Amino acid sequence: MKTPNLSRRSFLEAGSATAASLAMAQGASAATEPRVSVPRAIGQPMRSNVQLPTTPPLPRRADSVGFAIIGLGGYALNQMMPRFALAQRSHIAAIVSGNPEKLKQVGDAYGVPPDARYTYDSFDAIADDKRVEAVYIVLPSGLHAAWTEKAFAAGKHVLCEKPMALSSEECARMIAAAERAKRKLMIAYRSYFEPHNRLAMALMAQKALGPLRLLRADHSYRMGPVTPAQNWRLDRALAGGGPLEDLGIYGLQAALYLTQEVPELITASTYQPEGDARFTQIFAHVGAQLRFPSGAVAQLSTSYDAAGANTVSARGATGVLTMDPATSYSGQKMRLEQAGQAGRDLTPGDPDVQFAGQLDHFADAIRDGGQIKTPGQMGLRDVRLMEAIYASARTGRYVRLNPDGTMLD
Ligand SMILES: NC(=O)c1ccc[n+]([C@@H]2O[C@H](COP(=O)([O-])OP(=O)(O)OC[C@H]3O[C@@H](n4cnc5c(N)ncnc54)[C@H](OP(=O)(O)O)[C@@H]3O)[C@@H](O)[C@H]2O)c1
């Protein structure tokens with residue numbers, strides 16, 4: 001096994017350093033180190049599996065909030081943009097892309113007027129576009145911070161995809177930018193709007209399992225034979241450490257929303273195999289153990305090189321709740337076993353509502369001033385915890401935490 005020579009700090013520095021200075025910071029020559037890109041918004045080809053609508057969806061309500069979608073990739077085009085048709089108070093008002101053909105094709109399909117189709121270079125003009133009140137950032141994770149700051153500078157509200165950013169410094173900048181602009185910031189943690197996960201939170205609050213003792217969350221899939229140059233998810237500057245920021249974050253989130261606690265202690269390890277072109281810049285797997293103030297212990301595992309898993313289980317003193325799949329786009333399954341009772345499969349509702357649910361929650365907060373369930377502070381907390389996981393893995397020691405997720409030592 002190769003010990004990763006890249007500290008979490010160098011992952012973080014990747015967000016702002018040039019490739020040359022980064023290589024120097026790592027004490028390596030640029031010639032011998034793998035290429036580390038500078039995070040920059042660059043248009044990509046249209047994905048082959050995209051289905052565009054045949055009729056443009058219309059806003060449902062007169063007070064619907066107009067969103068600009070930044071980054072027309074797989075998740076925006078296949079999941080989120082079609083779900084605007086199900087939203088009550090949110091509609092697509094503009095699109096932003098680095099690929100002019102995509103701008104035309106997607107703009108025509110969604111009924112976005114030509115003067116509401118922006119490129120990364122013309123984005124700043126969106127400040128004067130009154131049709132756009134909020135910006136939804138669906139770019140690679142290493143671009144979230146810079147584009148959130150640009151959107152706030154343009155006076156828009158921001159819904160930002162997970163992970164919020166690749167470092168707590170970036171998250172803090174995003175929160176400060178929201179405060180300066182007096183605009184709202186929400187992290188698109190869709191499980192907060194998904195019926196199975198919402199029921200799981202309610203069951204834990206009711207102590208349906210007795211006091212919570214053990215949690216387990218596994219999130220993985222097997223990445224195809226690609227390189228960082230072919231897929232940003234393998235590129236440290238755009239993806240951080242890799243599977244933890246992309247997939248493991250769902251398990252981390254679940255551990256926190258099921259316990260309703262922040263861990264006080266973390267131990268973790270990472271694995272970066274040698275000779276695998278996929279893992280020259282990121283980790284293949286990350287495992288972490290979190291101990292909460294109540295004494296509950298969570299095991300998290302995540303991988304880009306293991307057969308697909310998407311499971312969360314919670315074990316209390318008197319019962320067990322299992323979700324498999326737990327945090328997927330669809331098909332959630334959930335089973336509750338309580339002492340003295342037959343196990344029950346629970347079907348609290350259609351997971352599909354999670355997508356439009358988060359859009360309308362943000363629109364409600366913008367219009368009515370309500371509290372956001374998944375605010376920037378939550379994204380910051382989670383990024384701090386991921387930093388603690390990497391710190392533990394790097395040092396081989398456990399990391400003690402403050403209640404806000406910052407490291408004690
Ligand atoms: N909440 C969820 O369930 C969920 C699921 C999947 C992804 N996500 C998040 O959504 C974000 C995007 O993920 P995705 O799966 O949609 O990625 P993707 O399919 O690779 O699309 C990313 C898009 O970002 C734009 N982009 C700008 N600069 C880029 C660069 N340097 N390299 C690559 N793309 C660049 C491109 O859009 P243009 O060609 O239009 O410029 C590209 O198509 C990530 O933050 C991810 O974590 C969330």
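Tutor: We may begin with burial: buried residues make up 49% of the 409 residues in the chain. Please keep in mind that this is a predicted model.

Student: What makes the radius of gyration of the chain agree with that of a compact globule?

Tutor: The rule is 2.2 Å times the number of residues to the power 0.38. For 409 residues a compact globule would have a radius near 22 Å, and the chain has 21 Å, so the two agree. Along the principal axes, the C-alpha atoms fill a box of roughly 60 × 55 × 40 Å. In secondary structure, the chain comes to 11 helices and 15 strands.

Student: How many of the contacts with a separation of 6 or more join residues 24 or more positions apart?

Tutor: Such pairs account for 69% of those contacts.

Student: Why is R233 called buried?

Tutor: The term requires 20 or more other C-beta atoms within 10 Å. R233 has 20 other C-beta atoms within that distance, and it is therefore buried. R233 is found in the loop between β7 (212-222) and α8 (236-239). Leaving aside residues up to four places away in sequence, R233 touches A239, G242 and D246. R233 and I282 are 49 residues apart in sequence, while their C-alpha atoms are 8.7 Å apart in space.

Student: What makes K182 exposed, and what makes K207 partly exposed?

Tutor: A residue is exposed with 12 or fewer such neighbours, and partly exposed between that limit and the buried one. K182 has 9 other C-beta atoms within 10 Å, so it is exposed. K207 has 13 C-beta neighbours inside 10 Å and therefore counts as partly exposed. K182 lies in the loop between α6 and β6, and K207 in the loop between α7 (195-205) and β7.

Student: Which peptide bonds are cis, with omega near -15° or about 0°?

Tutor: The bond from K162 to P163 is cis, with omega near -15°. Another cis bond joins D324 and P325, where omega is about 0°. P163 lies in the loop between β5 and α6, whereas P325 lies in the loop between β12 (319-323) and β13 (334-338).

Student: How do you know that strand β2 pairs with β3?

Tutor: Two strands pair if there are at least two bridges between them. Strand β2 (residues 90-96) is joined to β3 by 2 bridges, and the strands run parallel. The bridge partner of V96 is Y118 in β3. In the open sheet of 6 strands, the order is β3-β2-β1-β4-β5-β6, with parallel pairing.

Student: Why do β3 and β6 stand at the edges?

Tutor: β3 (117-118) and β6 (185-187) each have a single partner strand, so one side of each is left without a neighbour in the sheet. Helix α5 (residues 144-153) packs on the sheet and touches β1 (65-70), β4 (134-137) and β5 (157-160). The direction of α5 makes about 160° with that of β5.

Student: Why are α6 and α11 called roughly antiparallel?

Tutor: That term applies to angles over 145 degrees. Helix α6 (residues 168-181) and helix α11 (residues 376-395) pack at about 170°, with axes 9 Å apart. The two helices are therefore roughly antiparallel to each other. Among the residues that meet are S168, C171 and A172 in α6 and G376, Q377 and G379 in α11. By class, this contact has 7 nonpolar, 4 polar and 2 charged residues.

Student: What makes α9 roughly perpendicular to α11?

Tutor: Here the range is 65 to 115 degrees. The axes of α9 (residues 243-259) and α11 come within 11 Å and cross at roughly 110°. The helix α9 is therefore roughly perpendicular to α11. In this contact, L244, E245, I249, L252 and Q253 in α9 meet D382, L385, M386 and I389 in α11. By class, the contact of α9 with α11 has 6 nonpolar, 1 polar and 2 charged residues.

How values were computed: Residues are numbered from 1 along each chain as its sequence is written. This is a predicted model: local features need pLDDT of at least 70, side-chain atom pairs count only at pLDDT 80 or more; totals for chains, interfaces and linings use all residues. Helices (H or I, at least four residues) and strands (E, at least two) are DSSP runs, numbered from the N terminus. Two residues are in contact if their C-beta atoms, placed from the backbone, lie within 7 Å. Axes are lines fitted to C-alpha atoms, for helices over the stretch in contact, and angles run from 0 to 180 degrees between N-to-C directions. Angles under 35 degrees count as roughly parallel, over 145 as roughly antiparallel, 65 to 115 as roughly perpendicular and the rest as oblique. Ala, Val, Leu, Ile, Met, Phe, Trp, Tyr, Cys and Pro count as nonpolar, Asp, Glu, Lys and Arg as charged, and the others, Gly among them, as polar.
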